[in-house]
Amino acid sequence: MDQKLSDELITNKMKGESLSDAFISDFLMKVDEVRKGETGIAKWDEVGDLVPSEDEILFEEIQKKYPLKKELLGKLVVIKLNGGLGTSMGLEKAKSLIPIKDGLSFLAVMAKQIEYIRDRYQTDIPLLLMDSYNTQKDSQEELQKNGFKQGLRSSFLQHKVPRLLKDSLSPVQAKNEKDEWCPPGHGDIYFTMVEEGILDDLIAKGYEVAFLSNGDNLGATVDPHIVTFLLEEGIHFAMEMTPKTLADKKGGAIYRKTVGGKFIQYELLETAQVPKEYEHEFSGLGKFRTFSTNNLWINLRALKDRFAKGNFKLSLIVNPKQVEGKDVLQLETAMGSAVGNFTKFKGIIIPRDRFAPVKKTEDYLVRRSDAYILNEDFSLTMAPERKKRGLDEVLVSLDEAYYKKIAGFDRLFLVCPSLVFCESLEVEGEVEFDVLVCFSGKVKIRNTTGRKQKISSLSKTQFENETVIFET
């Protein structure tokens with residue numbers, strides 16, 4: 001199929017969904033990049049050194065040097081990414097609506113985090129959600145149910161883009177129309193804020209800094225000291241990064257892009273952009289010692305000025321998928337890749353407590369267990385007892401045949417086990433956790449009987465550094 005026909009089909013499809021001419025034009029440019037050979041895979045010889053120490057600052061140093069200034073805190077707006085359905089966990093609604101602690105949903109906890117900071121500092125910090133068409137209605141109802149109040153709008157919609165047939169780069173047609181569309185990645189947040197007038201509106205109301213983070217990361221709470229640091233030092237873009245552990249194989253990393261030995265700019269390297277032959281190096285603990293938590297701090301005026309200059313560039317991610325047996329491509333961008341557009345950048349090296357995401361049921365189990373607690377400010381952090389022992393993230397592996405989806409997880413985890421002193425837990429086969437059990441050290445539970453087994457049938461509740469096998 002020639003370019004003209006392909007672009008015409010894409011344009012007509014997007015106009016049929018009332019997407020703007022500017023957004024359609026931007027998407028067509030991305031399609032043309034792919035047409036000309038762009039794969040989204042990074043050129044490894046351009047992946048230079050990591051962020052040097054002069055462009056990094058420790059979170060603890062910010063706490064010491066930059067005191068809270070209420071007048072500066074009042075210039076902050078919090079934006080949460082809330083467009084995900086959690087389809088990998090078998091969800092058909094916003095992931096943020098499932099319970100996480102004390103019967104509270106992710107979204108309810110986010111709202112309480114904002115209410116806490118408002119009450120403590122008597123500053124009306126707004127909370128904005130970047131929703132998708134699939135999450136907005138239910139999420140707004142959840143906020144209303146929890147009595148969350150706000151003067152500004154509390155939600156805006158990210159765009160959607162058509163999935164494209166790999167061979168022709170024309171829109172795919174499917175029996176289920178929803179399968180024809182996909183989100184454009186959270187990098188869409190910048191375009192949406194500009195196009196919908198949100199950026200101008202926030203600046204007009206006196207807001208100068210936005211704190212952006214994933215809705216499933218309840219460790220990402222407002223820190224007033226960071227706001228002071230950004231505004232007093234004139235930082236335009238800051239990314240929170242944390243040291244890698246064995247549990248972190250997919251987090252993106254910031255590096256210095258170099259061409260011919262010359263530093264060009266900072267770039268974000270996402271897992272999907274790593275050449276296969278270098279995946280082991282990327283996921284290891286050697287070269288990439290820290291990774292991006294996707295907690296970003298952005299100066300709104302600097303963002304507006306940068307957009308006004310034109311050619312605001314985000315790295316393209318070409319994500320291969322299948323729809324009804326057809327090979328398709330999803331064209332996406334990540335919001336962290338905006339780092340390349342700003343010269344006044346700082347990497348903030350944070351403790352692990354500010355990063356507690358839930359991407360799969362293994363994460364969900366860890367966060368719901370006593371290995372994590374909700375603090376007074378409603379941040380979700382590792383339990384103090386665990387920290388005292390110097391333990392890292394719990395490494396959990398659950399049998400995908402039974403636990404991958406939330407429905408199976410809920411059916412088999414009737415009681416959440418104690419993981420506060422657990423280093424790793426591996427569950428093989430169908431095991432129902434029907435009583436409270438405590439796991440310490442490294443524990444493996446194996447059920448190869450072919451039938452569901454109850455943990456209570458073992459007649460013990462304490463397991464430490466052992467492998468338990470259910471007998472036939």
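Val468 belongs to strand β26 (residues 462-470); strands (E, at least two residues) and helices (H or I, at least four) are DSSP runs, numbered from the N terminus. The model is predicted, so local features need pLDDT of at least 70 and side-chain atom pairs count only at pLDDT 80 or more, while totals for chains, interfaces and linings use all residues. Residues are numbered from 1 along each chain as its sequence is written, and side-chain values use heavy atoms, with hydrogens and water left out.

Val468 counts as buried because its relative accessibility is 9%. Buried means under 20% relative accessible area, exposed over 50%, and partly exposed in between (1.4 Å probe, protein chains only). Leaving aside neighbours within four places in sequence, Val468 is in contact (heavy atoms within 4.5 Å) with Lys444, Ile445, Arg446, Leu458 and Phe463. The C-alpha atom of Val468 is separated by 57 Å from that of Gly16, 452 residues apart along the chain.

## Nonpolar cores

A nonpolar core is a set of buried Ala, Val, Leu, Ile, Met, Phe, Trp, Tyr and Cys residues joined through side-chain atoms within 4.5 Å. The largest core has 75 residues, of which Leu76, Trp297, Tyr364, Leu425, Phe433, Phe439 and Ile445 touch the most other members. Helix α5 (residues 106-121) supplies the largest share of this core, 9 residues.

With its neighbours within four places in sequence set aside, Ile445 has contacts that include Leu425, Phe439, Val468 and Phe470. A second, separate core of 39 residues includes Ile189, Tyr190, Leu314 and Phe345.

## Helix α9

Helix α9 (residues 224-233) is largely enclosed by the rest of the structure, because 7 of its 10 residues are buried. The buried residues are Pro224, His225, Ile226, Val227, Thr228, Phe229 and Leu230.

At the start of α9, the backbone nitrogen of His225 has a side-chain oxygen of Asp223 within 3.1 Å. The side chain of His225 also reaches the backbone oxygen of Tyr66 at 2.8 Å. Not counting residues up to four places away in sequence, His225 touches Ile62, Gln63, Tyr66, Pro67 and Leu68.

## Backbone angles

Most residues other than glycine have a negative phi. Asn294 is not a glycine, although it has a positive phi of about 65 degrees. Asn294 is found in strand β15 (residues 290-299) and is buried, with a relative accessible area of 7%.

Phe378, also not a glycine, has a positive phi of about 70 degrees. Phe378 lies in the loop between β19 (372-374) and β20 (380-382), and at 24% relative accessibility it counts as partly exposed. Just after α9, Gly234 takes a positive phi of about 70 degrees.

## Cavities

On a 1 Å grid over the protein atoms alone, a cavity is a set of points where a 1.4 Å probe fits but cannot get out, and lining residues have an atom within 4 Å of a point. Grid points are joined across faces, edges and corners, and a volume is the space filled by probe spheres set on the points. The structure holds 2 cavities of 30 Å³ or more.

The largest cavity has a volume of about 50 Å³ and is lined by Leu128, Leu152, Arg153, Ile198, Asp201 and Leu202. Helix α8 (residues 198-204) gives the most to this lining, with 3 residues. The second largest cavity has a volume of about 40 Å³, and its lining includes Leu50, Glu56, Met241 and Arg289.

Notes:
1 Å grid on protein atoms, 1.4 Å probe; cavity = no way out; pocket = protein on both sides within 12 Å on 5 of 7 lines; lining within 4 Å. Polar contact = N/O pair within 3.5 Å; in protein donor to acceptor, adjacent residues only side chain to side chain.
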